[in-house]
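Dear colleague,

Please find the structure below, together with a short account of what was found in it. I would be grateful if you could read the two side by side.

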Amino acid sequence: MQWRGKWQWPSVAVIVGLLLLLPFVLPRFYTYIIALIFVTALLAMSLNLTVGYGGMFQFHHGVFYGVGAYTVALILTKTKLPAWVAFAAGPVAAAITGLLIGGFCVRLTRLYFGMLQISLGSLIWAIVFRWYSFTGGDDGIHGIPMPDFISSLKSSYYFILAVLIVSLYLLYRIVNSPFGRTLQAIRDNPERCEAVGVNVRRHQLAAIVIATFFAGVAGVLFVVLEGSVFPDLLFWVLSLEVFIMCLLGGWFTFAGPILGAAIIVSLRTFVGIYTEYWTLILGVILIFLIFFLPEGVMGFLMKRFAPQPKAQVAERGNHAQG
Amino acid sequence: MLRVEGVEKYFGDFKAVDRANLVVERGEIVAVIGPNGAGKTTLFNLITGQLKPDGGRIVFKGEDITGLPPYKICKKGIARSFQIVNIFHRLTVFENVQVAVLSHRGKSSRLLETARRMAVRETMELLEAVGLQDKASEIAGTLSHGDQKVLEIAIALGNEPELLILDEPTAGMSPEETASTIELIRRLAETRDLTILFCEHDMEIVFSIANSIMVMHQGRTLIQAPPGEVRANKEVQEAYLGGE
């Protein structure tokens, strides 16, 4: 389901080159928006590991994003620990939360999985929202001190871009590994997968832990960009938005969620200037999506322009016989 | 090799399988027959762990496997196909079989290797064995029904089982497809040293390839015997064969 043409890596290099130049040509505000798209794209990509590749109803992914962000924020404001400890602790805390919540969820199937995750996730949101003395409640935490090397917008842009590239590379390796292939097999047919000797629940849980780890990475990057955290990061509305990014971009493609994140973040920013009813626009987008692009924008483009993405397997197979 | 002793399964008050017995010796082709609703599929699901028995014992190679989860039973050397096509629809034919091969080799959890270069030769060899090699790169969901049923068998072979269980392998196939699938099963049993347990509605097929036939009726085992003896049995004729 990936585009494996010979132009793949060169075009990735060109895109990265362009992204490196952007902060020099774009106004500050646009640099900020693009960095925000990077952060959100990583969040959507991590969600898609469970939704698009794993076929799981990961309805409350925002919680792990928020846990990652709050962990960094709390360590940086309340302790004297060095920044790198906080940056490492964010994803780990998110992954542990993923292990705990996921451990309950994988015992259920489909919709029940999603319902339970919303309940457990909302519980964490409620704690963050209410515990004023520790998390700052609905005020959040502001003015989080950042290390010097990422204190300016430009430097944080490059930091975020670097972490994004490394994360995407790892995710790419993971979805194309035996683990990723087996995960897709579970998505298609868990019963059959168990009958070929795969411990389905354990495999799903491992996927959730990996996905929530990268959601935590995105949470860390959010703090790097914004210098503040607030409970909305863990609210279910954000989870829904990220879910829509996956669907909109194309949840059966690797890069689809990036496109989805870019579209949604841009729309939210620029439509938000003209109207307060952003969610209304979001709803209309969702309706169009369901009717006209059930496999997302990227899925649509790939079907339209790359009708033979799988031809290589046969060649390789024939080669192996000869 | 496989002994099923007095196995029971209830669905509410309904006894789907009622103290069924079955013996499969190494190298045999054993058929389970019986009218619709006799409990054949349920019995297979109990053996391979999709369902947990409410009573009785299932012993494979001297080891009690009663109530183990399917993935553990698979690791012991029992693989199966399903009556209703049960494949990975969005994956290619190649990937469908490869998933099983990778699982059998304990490589399903490798995170940073590249799957498309792994177990290629073994997977292609299995696809050739069932005659699907030319369709390796097609998406499994787009295959014809007959090809999907054959793909099911290839997936099951990916685990290099000692005992292969086939639940109505020719259900829904055209007469030509049925004939070639039966030929395939016969060939697999010979060349791969497989023991096969299957169920099937077509009596001609059953009596032509089975060494031993178990007749089920209302969840019970009526008899298990060689084909000639089964054909001659009065009880069987009344319950089942007589009706045709």
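The model is predicted: local features need pLDDT of at least 70, side-chain atom pairs count only at pLDDT 80 or more, and totals for chains, interfaces and linings use all residues. Residues are numbered from 1 along each chain as its sequence is written, while chains are lettered from A and ligands numbered from 1 in the order in which they are written.

Strand 9 of chain B pairs with strand 3 (residues 29-33) of chain B in the parallel sense over four bridges; pairing requires at least two DSSP bridges between the strands. Strands are DSSP runs of E, at least two residues long, and helices are runs of H or I, at least four, both numbered from the N terminus. Opposite Ile213(B) stands Ala31(B). With strand 10 (residues 220-225) of chain B, strand 9 of chain B pairs in the antiparallel sense over five bridges, and Met216(B) has Thr221(B) as its bridge partner.

Turning to the interface, 39 residues of chain B are in contact with 29 residues of chain A, contact being C-beta atoms, placed from the backbone, within 7 Å. Helix 3 of chain B gives the most to that side of chain B, with seven residues.

Yours sincerely

Terms used
Two residues are in contact if their C-beta atoms, placed from the backbone, lie within 7 Å.
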